[in-house]
Amino acid sequence: MSDALAGLLTIGVLVLALAAVHVPLGDYLARVYRSERHLPVERFVYRLCRVDPGAQQRWTVYALSLLGFAAVSVLLLYLLLRLQRVLPLSLGHSGLPPSGAFNTAVSFVTNTDWQWYSGEAVMGQLAQLAGLAVQNFLSAATGLAVAVALIRGFVREGTDEIGNFWVDLVRSVIRVLLPLAFLSALLLAACGAVQDFAGAHTFTTLEGGDQTILRGPVASQQAISVLGTNGGGYFNANAAHPYENPTALSNLLQTFLMLLIPSVLPRTFGRLVGSPRHGWVLFAVMAVLWTVGLTLTTVFEATHHGTVPREVGAALEGKETRFGVWNSALFGHSATATSSGANDASYDSFTPLGGGVLLLNMLLGEISPGGIGGGLIGMLVLAVLAVFIAGLMVGRTPEYLGRKIRQREITLVALYVLAMPFAVLVGVGLALAFPGPREAILNPGPHGLTEVLYAFVSAANNNGSAFAGLTSGTTFYNTALALAMLFGRFLPMVLVLALAGSLAAQQRVPVSSGTLPTHQPMFAGLLTGVAVIVTGLTFFPALALGPLAEGLK
Amino acid sequence: MTRHLFRQTAAGLRMLLVLTVLLGALYPLAVWGVSQLAFHHRAEGSLIHHEGRVVGSSLIGQRFTGRGWFHPRPSAAGAEGYDPRASGASNLGPDNPELLDRVHRRRDAVSHADGVPAAEVPPDALTASASGLDPHVSPDYAHRQAARVADARGLDVRRVTELVDAHTGGRVLGFIGAERVNVLELNLALLAAS
């Protein structure tokens, strides 16, 4: 069988699997967040934490809960990383330096999982288990919570209450992430991912050399890392490491898990707002963008575009034999389109335009289908923007799902859309203005610019993947990228919660002949156009100097 | 507002501690318990024993440089390659002259050692993997090495070629991933046949 046919069949199986679970899982999620009942274990957690699950929060209190939770999470994770030497299971690793610990704490709390360090060289098992893996769950649950709060903005009428952050958080963990992660971890372990607490093991190889293998609780961490679109690796090689991703089957499973929740959330949205067709429109836009991106990435990788791939006869530098080019392109595209940022190949060694598509996936603002929660949020914000633009063009009152898009709403949306580009362009500008940060670049020419651009785009979009040639473990990059991650995560979240509060306070406007239909294919087309134009106008100059200059020369 | 911030942050701290017990201890221990019972060998790292001692893992590639062994792909993990304490890729870009130079040197070396025309050296022999620990080579690269290995060990080339075929793994379910040969397992079989 040819590589192309095998690759197409693999994509087909992935799409079928996602299609099969779309409606049941999407509807299940809708029930989870609509339910009035609390499970016994959830009641137990609320009692221990002295939280009243019956209380409803205004958007400001919801946002304060989220920010307070994130603040203590960053602080405790920072301390855990700084003090790991004196804590158990450190495997002899010393504490991380201040800027490195700050970067990593922020990175995992913001669902980014940018890793300046090499896991096997600096992380003890306690830091991985109780710090990084826990935040993989909690940052994903936070993303889900904000998405659900925004949906409530379109569901509720004449109220200033948008739900209870603690209930949304705990339900996301207990009813969604934990059961799926447990099952996925066992499947990964069945494929050969390690789950072991033994330390380093040195032995003599067959030829007589020494080799030291490292193991750890990898399967449990990798499962939530991909399911929660976190993407942090236990080891430096991330999902290319055979102990994290042992076979082509585990590779496909991880690709599936990255796409799983982001791709079903439009269904959940459609269910909760009582109009599945509105969900289908958002899903269609995500699917179109994902398919176009996958086609481009695969074509560039499989036709070994670029100097070295052409010389070698395949784009195999930085790719694993068991995955091959097609499955690596599928994984890489899905990891950057979902804000997971995991990698089963070296993205820095991708072909110039193939790597450019990975960058573009993030520049779209992570909406194809985007991160867990974040993807749906980004798409809804663009939907509001699209009805506003359409309203201006044809002179109709901008409305979406019976809510008027007034000055307040569109201001919040505009700030949301500008937040990420601001963090990216200011960060890249600063990095390139100083000689120190410029020296961290590995590859010469336009590719070097792409390394820096990629880093800030990845951080500000909370993706976490890297053109890993950049030596990013410096005080400058650790601090600047951490600030980009914080800015790119929490400013948009607060804006979205304010938007939810503003929408929930409105009374539903009845549908009239002047209402733009937002549940039909034409609106999907408009929405796609808005997404592409917003990105294109903002980032075309930067792309032209980086991947386009390299790929089209 | 300040009152809310203080109260919710305190709740957040309690929530973080409670959920850390659940997600940071109970969850990984449950996965550990089940996987150690159900797939003990794999959960421990798929170690391979030979003559009563561990010689490697079927998932982790290791260095072979002698003429009588099948060689793995180039590796960027550690100074000498295949060091699991430093997994990773070269991260050299597709237009990087340094990478092009490495490719040329690898092509010369493989072409010389295995007696393969330079233009026919397989791509995976010229490129480092993403993990630096790739346990596999392509069937093509394994076959290209068969003559050298057979010669060094005084074995019949056909016998060695049969071993390569016997250790060639197909795509999962016939279409997922790529065909590959596990270098360590092949070399163990080679040892048994010598």
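The side chains of A:Glu399 and A:Thr515 are joined by a polar contact of 3.4 Å in this predicted model. A:Glu399 is buried and has no salt bridge.

- A:Glu399 sits in strand β3 of chain A, which covers residues 399-400.
- The nearest side chain of opposite charge belongs to A:Lys404, 6.0 Å away.
- Leaving aside residues up to four places away in sequence, A:Glu399 touches A:Val387, A:Lys404, A:Ile405, A:Val509, A:Thr515 and A:Thr518.

**Extent of the interface between chains A and B**

- Chain A puts 108 residues into the contact, and chain B puts in 98.

**Polar and charged links across the interface**

- Three salt bridges are found between chain B and chain A.
- A salt bridge links the side chains of A:Glu317 and B:Arg106, at 3.6 Å from N to O.

**The chain B side**

- Elements that each supply at least two residues include the helices α1 (2-38), α2 (40-43), α3 (97-114) and α6 (183-193).
- Strands β1 (47-50), β2 (53-57) and β3 (136-137) of chain B also each supply at least two.
- α1(B) gives the largest share, 26 residues.
- By type, the chain B residues that touch chain A divide into 51 nonpolar, 32 polar and 15 charged.

Conventions:
Residues are numbered from 1 along each chain as its sequence is written. Chains are lettered from A and ligands numbered from 1 in the order in which they are written. This is a predicted model: local features need pLDDT of at least 70, side-chain atom pairs count only at pLDDT 80 or more; totals for chains, interfaces and linings use all residues. Side-chain values use heavy atoms; hydrogens and water are left out. Helices (H or I, at least four residues) and strands (E, at least two) are DSSP runs, numbered from the N terminus. Buried means under 20% relative accessible area, exposed over 50%, partly exposed in between (1.4 Å probe, protein chains only). Lys and Arg count as positive and Asp and Glu as negative; His and the chain ends are not counted. A salt bridge is a side-chain nitrogen of Lys or Arg within 4 Å of a carboxyl oxygen of Asp or Glu. A polar contact is a pair of N or O atoms within 3.5 Å; within protein, one must be able to donate a hydrogen and the other to accept it, and residues adjacent in sequence count only if both atoms are side-chain atoms. Contact means heavy atoms within 4.5 Å. Ala, Val, Leu, Ile, Met, Phe, Trp, Tyr, Cys and Pro count as nonpolar, Asp, Glu, Lys and Arg as charged, and the others, Gly among them, as polar.
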